Structures are given as C-alpha cells and as structure tokens.
Amino acid sequence: MEKASRHAGSSRKGRGIVVRRPRPNAAADLFCFPHAGGSPGEYLRFEEELPEIQVSGVQLPGRGSRLGEPPLTAMASVVGAVLEVLRPERPFAFFGHSLGGLIAFEVTRALRDAGREVPRQLFLSSSPPPPLARSEQPVHTLSDHVLLAEIEQRWGGLPAEIRADPRLMHMALGVFRADITIYETYRYQPGPLLDIPVTVFVGDRESDKLRVAEWSAHTSRTFELSCLAGGHFPFRDAEQRRMMLQQIRHVMATPEPDLGPSKAEGGCHDGVALWGRVGSHRLLALAAESAEGFEEAVRRGRAGSTDPATAPGAAPSLGDIPLPYRRLVLTSEPNTLVDAVARLAVPAAANSAERPRVALVFPGQGSQYARMGFALCQELRSFAEEFEHGLDLLREVAGLDLRAVLAGTDGKDVEALSQTIVAQPAIFLLEYALASTWQKLGVETVAMVGHSLGEYVAATLAGVMTLPDALEFISLRARLMQQAPTGVMLAVPLAEERLAPYLELGADLAAVNAPTSCVLAGTEQNIMRIEARLGTAGTPSQRLRVSHAFHSRLMDGCIEQVRRAAARLTLRPPTREFVSCITGHWITAQEATDPDYWARHMRQTVRFSDAVGTVLASSPDVLLECGPGQSLTSLLKRRPDLPANLLAVSSLPHPGGRISEPAGLLSTFGKLWETGAPLDLAALTVPAPRPMSARG
C-alpha cells in the first residue's frame with residue numbers, strides 16, 4: 001500500500017486524517033472510522049472501487065503512526081479530537097466499523113449540536129447500537145495475557161509477525177486496550193434523532209447478536225440494512241466488499257434529494273427500503289407515507305437490487321414503520337428480484353393505518369402430507385425452534401419420536417403418517433409451531449377456531465392446557481382412536497338438511513364444514529352404499545385421508561377412557577378467545593374446564609361452518625390458516641358470507657404445488673405486512689439451526 005498522506009482539507013496540517021493519495025477533483029469524501037485495534041489502512045483500500053470518492057481514514061492519538069501521543073480512552077475525548085481536525089470541503093459521509101461505528105455516530109451528533117455540516121449519510125458496519133449491554137467483567141482492565149486471549153477469541157489470532165516481535169505485540173495490546181476502554185466506558189446520552197439516512201452492513205453470522213436493526217431508532221430518515229455473507233469483517237472478502245461499496249458509491253454519486261421536513265418534525269417520511277434473507281429466499285420491503293415517498297423507496301430498492309448476489313439480512317420490525325404505502329417483494333432467484341422491483345408501481349391506494357384483526361384457523365386430521373414442516377425447519381429459525389421443542393417434548397411425555405417419520409421419504413414412513421396414532425400428534429405439533437411462529441413474527445390474534453383436532457391447538461394457545469399435557473392427552477386420544485373399529489369419512493357437497501336419506505343408510509354426520517359442504521362417517525360397507533346412491537344422484541363425493549370414522553358411533557368405545565384422561569388434566573379457563581367446534585359459539589370457561597366436553601369432542605358433529613360464522617360476526621380482517629396445506633382456506637373462500645375485504649390466507653402452500661413451504665409462508669408474511677400487520681423482519685431472517693433430520 002502506498003504511504004498515507006495527509007488530507008489537505010483538515011486542520012493542524014492534516015494531523016489525524018490520512019489518505020493514500022489526494023483526489024482534489026473527487027465528488028465527495030468518505031471518512032472511515034476503524035474498528036478496535038484497527039488501522040485506517042484497511043479502509044483506505046476502498047478507494048480502488050470508489051473512483052469518484054476521496055476515501056480518508058481517521059487516526060486517533062495513541063494509534064498507528066500516532067503511538068507517541070497519549071492514547072485517547074474516552075468517547076468525549078475521541079469526538080473532540082475528530083472535530084478539531086475534520087474540515088470537509090465537499091459533500092461527505094461517514095463509514096464506521098464496530099467501535100468505529102459508535103464513534104462515527106457520536107461525531108455526527110456532535111457536528112449537529114455544534115451547528116456544523118453533518119455527513120450526507122452514515123454507513124455503519126458490524127456495529128452494535130447504543131445503549132449497549134455489557135458484561136460484568138470489564139475487558140480493558142485485564143492483564144496483557146488475558147486481554148490477548150479475549151481479543152483472539154472475539155476477532156481471531158493476531159498476525160504471526162506481531163506475535164513474533166515483543167515490541168509490536170506491546171504496541172498492538174496498547175491500541176486494543178485503549179479502544180476497548182472507549183467501548184466499555186461509553187455511556188449513551190439520549191438526544192434528538194439524526195436527520196440523515198443510516199445504512200448498516202453486517203455479516204449474516206452475527207446479524208442477530210449485534211442487534212444492528214435497532215439503529216433504525218436513531219434516525220428520522222431512511223434506514224437500510226444489508227447483510228453480507230460472512231462474520232465480523234464481511235468486507236474482507238472481495239465479493240462482499242464489492243457489493244457493500246457499490247451501495248455506498250450509488251448513494252454518494254446520486255445528487256442529494258430535497259427531503260423536506262423529517263418525521264421527527266411531523267413531516268413526510270421519504271420512504272424505507274429494507275432487505276432481508278430467509279434461507280434461499282430474498283426479501284425487499286418498501287414502505288412510505290405518501291405516493292411520492294413510495295416512488296423514492298422503489299428507486300432505493302432498484303439501486304440496492306441491481307446486484308443479484310446481494311443478500312442482506314435482518315431489519316427492524318416492519319410493524320414499527322407506520323407507513324400506509326407498502327409492498328414486499330420475494331424471490332428465490334436473484335435476477336427476478338431485479339425484474340420485480342423494476343416493474344413496481346405506486347399502490348393504487350394506501351393501506352389502513354390500523355393494525356388488522358387476525359383470526360387463526362386450525363385444520364384437523366386428513367390434511368397431513370409427507371415431510372411436512374421439514375423444509376420450513378431448514379430455512380426458518382422461529383419455526384424450527386418451536387417444532388424441534390415440540391418433538392422433544394412429545395418424545396419425553398408420550399415416548400413417541402416422529403422425526404424419522406416426518407423426515408422420511410420411503411413408502412413405509414409415508415404410510416405411517418396416515419395412521420391416526422402418528423398423524424394427530426404430528427398435525428398438532430405443526431399447527432402449534434406455526435401459530436407460535438406467527439406470534440414471534442408479530443402477528444396479534446383476536447380469535448381462534450379449530451376444526452376437530454385443531455381446536456386442541458387453540459385451547460393450548462389459550463392456556464386451557466399446557467403444551468406437555470396437551471401432547472400427552474392427544475397421544476393417548478390418538479392411540480385409543482387408532483384401536484377403535486376402522487371406518488371411512490366421505491366429503492359430500494350437500495347442505496345438512498339434504499343428508500337425511502344418506503344418514504338412514506347407517507352413517508353419522510361427522511362435520512358441517514360450510515353451508516353446502518358436509519362429511520359423513522361410518523363403516524366401509526355403509527359408506528360404499530352411500531357412494532353408490534350419491535353416484536346415482538349425480539352428486540360427487542371424496543374420501544378423506546383418514547384411517548377411522550371420527551365423530552361417529554364407531555368412536556363410542558373410546559369416550560369413557562378419554563373422559564378419564566381429561567379429568568386428570570389441569571384444565572384452566574381460556575385466556576384468549578376461541579370458538580367451540582361442537583357448539584359453533586365462543587367457548588365458555590365452564591366448557592373448557594369440563595372433562596366431559598373434551599370426551600364428547602371426539603364423537604359429536606364438528607360444526608365448523610357455524611364456528612366460522614361466529615368468527616366472521618366479530619369482524620376480523622384476516623383469516624390465517626395454520627396447518628399443513630390450505631384446505632380450510634379454500635373452503636373459507638367459497639363461503640357466500642365471506643366479506644369482500646376480508647383476507648383469507650394459509651401459512652403453507654398446497655403440498656402438491658410447485659411452491660415450497662418457506663416460499664408459501666414468506667408470501668403470506670408479505671400479504672399480512674401489506675395489510676398493516678406489525679411484523680418483525682429481524683425475527684424472520686435469523687438463520688435456521690441444523691435441519692431436523694440431523695438432530696437427535
């Protein structure tokens with residue numbers, strides 16, 4: 001590297017501001033603040049990819065070439081030293097990595113408070129936001145030996161040439177100690193928000209632990225967050241550095257727009273563009289307060305998506321952005337993200353500023369499919385944690401391990417999933433994990449309704465049963481039902497009042513799913529007779545993928561044992577509202593805590609149609625199905641009483657379609673956010689743990 005020269009535009013003969021070579025005709029300045037123990041030299045290399053920008057580094061007393069001076073160890077002293085030498089002569093921006101990000105932030109605030117020109121934009125890299133959580137044991141007070149071990153644990157080993165030279169080692173430890181002292185003694189003093197845009201870069205392996213999304217709380221302007229593949233220094237990889245500098249170059253090369261009053265002053269927000277990555281999928285969320293602001297957000301989105309390899313990560317809660325003009329773009333193919341953003345136009349109308357009222361809908365047995373939840377576990381951490389915990393708990397309380405069945409692909413495993421003793425716990429766990437995941441992501445529910453088995457999910461979420469009790473009870477219930485005489489369930493597209501001739505043939509009315517959609521249950525012989533008569537009448541019918549005739553007289557032998565098992569549970573009044581699929585009305589505390597209710601639950605007709613009518617009467621904005629596939633969503637959309645403005649969506653796609661589980665859930669995530677749901681992109685984009693098949 002060429003020897004650094006001093007910046008002609010700084011005071012004290014350029015002391016403290018260094019460059020590789022002056023560029024008097026540069027369009028802008030980028031001042032870089034190094035990380036703890038770092039040198040400006042690493043950042044001065046940025047100029048190779050920023051030809052129009054003068055890249056300068058900040059060299060504090062006691063660091064690098066200024067080791068002969070007493071080191072600065074307090075944030076106030078550091079800020080004062082920078083303000084003394086900083087004299088920009090053209091538009092400029094700050095870039096700060098790790099500790100350097102905090103320093104750049106405080107220097108920016110000091111410039112503003114002094115009435116001086118502030119940077120056009122603040123670029124931060126792997127820098128945690130204030131206020132900072134600190135360990136009880138300060139690192140800067142440790143002995144040299146222990147301090148070195150701490151440094152190498154956090155950031156990796158020092159270069160061999162430094163370790164081999166005692167003088168260099170002493171100098172390096174002195175620099176680290178000074179910088180870490182600044183970090184550990186720094187105390188954030190609240191003040192007005194910055195009135196400049198903030199962009200944060202972070203390695204995807206530490207995007208969650210550094211809480212970088214919280215930088216959004218420090219600006220009244222646009223906040224953008226990009227996650228680059230790698231760890232603490234993602235830009236040390238040539239490709240990641242190129243992507244980061246491309247974004248910086250675009251911002252600095254574009255004429256600064258007239259942004260008008262800031263949101264802190266009650267004016268219009270100029271638009272937000274947030275990127276995220278979930279497994280193999282990339283997201284771009286765009287939001288603004290006005291149509292003009294949305295156009296600006298789209299321009300920012302186009303600029304950030306021009307490089308298809310860019311894979312940004314966590315961002316703040318999207319619900320914390322009260323902007324009515326919203327769009328979320330999703331893709332697993334980078335090039336299609338570019339195309340999709342290029343086609344975006346201003347929404348025809350703004351969304352309501354009110355948060356939507358969301359009701360959860362849980363399907364019952366018959367909707368399961370091979371490897372359900374498997375792909376979602378691999379890409380979505382929130383779901384994987386809930387699902388894995390449930391599988392561990394099921395093995396503990398019921399001695400049932402479903403991992404091999406759910407992860408399997410051979411015919412034997414697929415056949416096992418069709419058996420009641422396996423299907424019911426598996427479906428329950430999937431639905432409970434989905435509902436818990438939506439809750440983690442910020443969905444606030446006002447009501448729940450479950451179809452047969454699905455009501456147990458609603459009851460558990462409402463606190464009627466604990467999760468361990470529910471899993472143990474459902475496993476016992478499924479085992480008893482598995483031991484009952486086998487039977488058949490038949491879906492018939494007729495209203496309840498037209499079923500009398502078929503019930504006379506020995507079947508029971510198992511479910512009323514919609515005004516003209518019912519299910520009959522009975523023995524193989526009786527259902528065959530009913531199928532023949534329906535065929536003669538020209539009425540189609542379809543058998544369900546179940547092993548037994550639930551909600552029919554064939555379950556009578558199980559009822560007493562189920563009642564005794566329910567009596568052993570600690571049943572509590574519900575803390576959240578859900579509808580009984582037996583009565584079709586809101587569950588009462590008396591019903592929810594009555595063991596006889598849960599015993600009758602497996603025998604009586606499922607009045608799902610009435611239950612949905614009760615939910616609709618409460619005027620929800622969204623019906624969100626939480627279960628395998630979208631069977632209930634399809635059913636709901638055919639209801640004649642479904643309000644035109646009500647959104648009915650499923651958490652997962654149809655299992656026979658081309659859309660993967662992660663893509664289906666992310667698509668629904670986007671639809672919910674566009675309606676105004678307070679969703680959290682940061683919780684969505686945390687990398688998933690090991691896949692289910694690899695765990696014990």
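User: Let's start with strand 17. Which residue there is the bridge partner of Ala491?

Analyst: Gln542 is the bridge partner of Ala491 in strand 17. Keep in mind that this is a predicted model. As a general idea, strands of a sheet pair through backbone hydrogen bonds, either parallel or antiparallel. Here, strand 14 (residues 488-492) and strand 17 pair in the antiparallel sense over 2 bridges.

User: What is the strand order in that open sheet, and which are its edge strands?

Analyst: The order of the 4 strands is 15-16-14-17, with antiparallel pairing. Strand 15 (508-514) and strand 17 (542-543) are the edge strands, each pairing on one side only.

User: What does helix 18 lie across?

Analyst: Helix 18 (residues 524-536) lies across strand 14, strand 16 (517-522) and strand 17. Relative to strand 14, helix 18 runs at about 20 degrees.

User: Now to helices. How many of the residues of helix 15 are buried?

Analyst: First, the general idea: an α-helix has 3.6 residues a turn, so residues three or four places apart point the same way. In helix 15 (residues 454-461), 8 of the 8 residues are buried, so this helix is largely enclosed by the rest of the structure. Those buried residues include Glu455 and Thr460, along with Tyr456, Val457 and Leu461.

User: What covers the buried residues of helix 15?

Analyst: The cover includes strand 12 (358-362), strand 13 (445-450) and strand 18 (578-579), as well as helix 14, helix 16 and helix 21 (595-600). After helix 15 comes Gly463, with a positive phi near 85 degrees.

User: What is Phe94 in contact with, leaving aside its neighbours within four places in sequence?

Analyst: Its contacts include Leu30, Phe31, Phe33, Val107, Leu111 and Phe123, and also Thr108 and Gln121.

User: Where is Ser98 found, and what is it in contact with beyond its neighbours within four places in sequence?

Analyst: Ser98 is found in the loop between strand 5 (92-97) and helix 3 (99-113). Its relative accessibility is 11%, so Ser98 counts as buried. Ser98 is in contact with His35, Ser125, Ser126, Ser127 and His232.

User: How many disulfides does the structure hold?

Analyst: The structure holds 0 disulfides. Cys32 and Cys518 are both buried, each at 1% relative accessibility.

User: And the whole chain: how many helices and strands are there?

Analyst: The chain has 25 helices and 20 strands. Of its 696 residues, 58% are buried. Among contacts between residues at least 6 apart in sequence, 77% join residues at least 24 apart.

Definitions and conventions:
Residues are numbered from 1 along each chain as its sequence is written. This is a predicted model: local features need pLDDT of at least 70, side-chain atom pairs count only at pLDDT 80 or more; totals for chains, interfaces and linings use all residues. Side-chain values use heavy atoms; hydrogens and water are left out. A disulfide is a pair of cysteine sulfur atoms within 2.5 Å. Buried means under 20% relative accessible area, exposed over 50%, partly exposed in between (1.4 Å probe, protein chains only). Contact means heavy atoms within 4.5 Å. Two strands pair if DSSP finds at least two bridges between them. Axes are lines fitted to C-alpha atoms, for helices over the stretch in contact, and angles run from 0 to 180 degrees between N-to-C directions.
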